[in-house]
Amino acid sequence: MAASAGAPSDILFSLSRAHLKQLSLGFSCSITSSASKFVSFASNFSLRGVVNTKEFKSPRLTPMVKAQGGPGQMDVDLTLSPRVNAVKPSKTLAIIDQATALLKAGVPVISLAIGEPDFDTPSAIADAGIKAILKGYTRYTPNAGTLELRTAICQKLKEENGISYTPDQIVVSNGAKQSILQAVLAVCSPGDEVIIPAPCWVSYPEMARLADATPVIVPTSISENFLMDHKLLEATLTEKSRLLILCSPSNPSGSVYPKKLLEQIAAIVAKHPRLLVLSDETYKHIMYAPATHTSFASLPGMWERTLTINGFSKAFAMTGWRLGYIAGLKHFVSACAKIQSQLTSGASSIAQEAAFAALSMGYAGGETVATMVKDFREQVDFLVKSFGELEGVKISEPQGAFHIFIDFSCYYGAEVKGFGVIDGSESLCRYLLDLAQGLHLAMTLASASLTLLPSRL
């Protein structure tokens, strides 16, 4: 699963059917402190946006190392760019690496850290990819994607999202992650602010930093199902605010923004001429009734202000195919295409053929996707019920996606023999991975919450 950042320090879960059979929930909890701290278990985890540090001037120190081997050895300057140094490494990947090491050592691990479905790619999609290879469809495609696929995406967006585009307003990329990064790079200037409701996918704040922009985190609460308060948003915006990122259904909370709240947000956006909205709708097809999805670009006056992101990884179980897309005003989308032309060029020809087959499976993926969503719902219901029975544990029931964002703060401060003190979400994740009763769980942690919401820690 993916990762997230922001609100209480929670832990995110994404369990497969096999996981549910293996996982026995036997936690106990006693609350010894009134302090509100959060941990979140989730199938997709997110590091929250991070507070910016003040710039300061200091003497420049240049790390050097002696080159090894060969005559005439020379010193090598190891200096990295300030832009790279500003980006924080993913703690989610650190947990994954630790889990992988245990697996290689023969230790059974239940991984809850990767944000992906536990289904194989549907056969109709996989067959299309295989046929593309066998037919020799293995060469470069146009930078923005094949016309056939972009036309199919336009049809999908019109029929399912109620928003109209032409193929030249679509750019297909190597995953929605690339689509998002290119959008941030295309529209943000140094000093601009990127507004991010938390908890959020951990990559959002780091993408802002890569663009020399400032991530501004808007906290949410578990009592409000981690939905952003539009009044708090309005109070947060400044003349530097350039991009608002909305993710619905949310990674990592599974929350879905209702249409009324989106309309209130749109009214605020309309007051700020510089402000654009990046609507990450990657999990649109994974919804649990009675929740319904509204594309932000479909709201009055918001089409021109919105960059809509989607992909094929989650709904169609195509995470390894790496394919996503952006839709929006041609001026912005063309800028994204220009960046892509110098980074990766067009996405995989084979993956694009498979994606076209995915969009040919019927409305919202047809029965195949509906079956997967039904299975996700069963997993969610099981976990909500099970964790809800644990003393001191709080949970926000997801309305979409396949994440569960849980408050395990009742365990903070506990000292475990052979491990030490559990002082936050990261140490709790590592404890469960390393020592918990012989059952090894690899989870992602919302460690950003530790930085963004110190009052809750």
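Welcome to a predicted model, in which local features need pLDDT of at least 70, side-chain atom pairs count only at pLDDT 80 or more, and totals for chains, interfaces and linings use all residues. Residues are numbered from 1 along each chain as its sequence is written, and side-chain values use heavy atoms, with hydrogens and water left out. Helices (H or I, at least four residues) and strands (E, at least two) are DSSP runs numbered from the N terminus.

**Helix α5 with helix α11**

- Helix α5 (residues 147-161) and helix α11 (residues 349-359) have axes 10 Å apart and an angle of about 30°; axes are lines fitted to C-alpha atoms, for helices over the stretch in contact, and angles run from 0 to 180 degrees between N-to-C directions.
- The two helices are therefore roughly parallel to each other; the scheme counts angles under 35 degrees as roughly parallel, over 145 as roughly antiparallel, 65 to 115 as roughly perpendicular and the rest as oblique.
- On the α5 side, E148, L149, A152, I153 and K156 meet Q352, E353, A355, F356 and L359 of α11, where contact means heavy atoms within 4.5 Å.
- This contact has 6 nonpolar, 1 polar and 3 charged residues; Ala, Val, Leu, Ile, Met, Phe, Trp, Tyr, Cys and Pro count as nonpolar, Asp, Glu, Lys and Arg as charged, and the others, Gly among them, as polar.

**Helix α6 and its partners**

- The axes of α6 (residues 176-187) and α7 (residues 203-210) come within 9 Å and cross at roughly 40°, which makes α6 oblique to α7.
- That crossing of α6 past α7 is right-handed.
- K177, I180, L181, V184 and L185 of α6 make the contact with S203, Y204, M207, A208 and L210 of α7, a set with 8 nonpolar, 1 polar and 1 charged residues.
- With α10 (residues 330-343), the axis of α6 comes within 9 Å and crosses at roughly 110°, so α6 is roughly perpendicular to α10.
- Helix α6 passes α10 in a right-handed crossing.
- Here Q178, Q182, A183, L185, A186 and V187 of α6 touch F332, A335, C336, I339, Q340 and L343 of α10, and the contact has 9 nonpolar, 3 polar and no charged residues.

**Cavities**

- There are 4 cavities of 30 Å³ or more; a cavity is a set of points, on a 1 Å grid over the protein atoms alone, where a 1.4 Å probe fits but cannot get out, and lining residues have an atom within 4 Å of a point.
- The largest cavity holds about 110 Å³ of space, a volume being the space filled by probe spheres set on the points, with grid points joined across faces, edges and corners.
- Its lining has 14 residues, of which P197, P199, C247, S250 and Y257 lie nearest the centre of the largest cavity.
- The elements giving two or more residues to this lining are β7 (193-198) and β9 (241-247).
- By class, the lining of the largest cavity has 11 nonpolar, 3 polar and no charged residues.

**Backbone points to check**

- Most residues other than glycine have a negative phi, and most peptide bonds are trans.
- A198 and P199 are joined by a cis peptide bond with omega of about 10°, and P199 sits in the loop between β7 and α7.
- A289 to P290 is also a cis peptide bond, with omega near 10°; P290 is in the loop between β10 (276-280) and β11 (306-311).
- D212 is not a glycine, yet has a positive phi of about 60°, and lies in the loop between α7 and β8 (214-219).

Notes
1 Å grid on protein atoms, 1.4 Å probe; cavity = no way out; pocket = protein on both sides within 12 Å on 5 of 7 lines; lining within 4 Å. Left-handed = near helix turned anticlockwise from the far one by under 90°.
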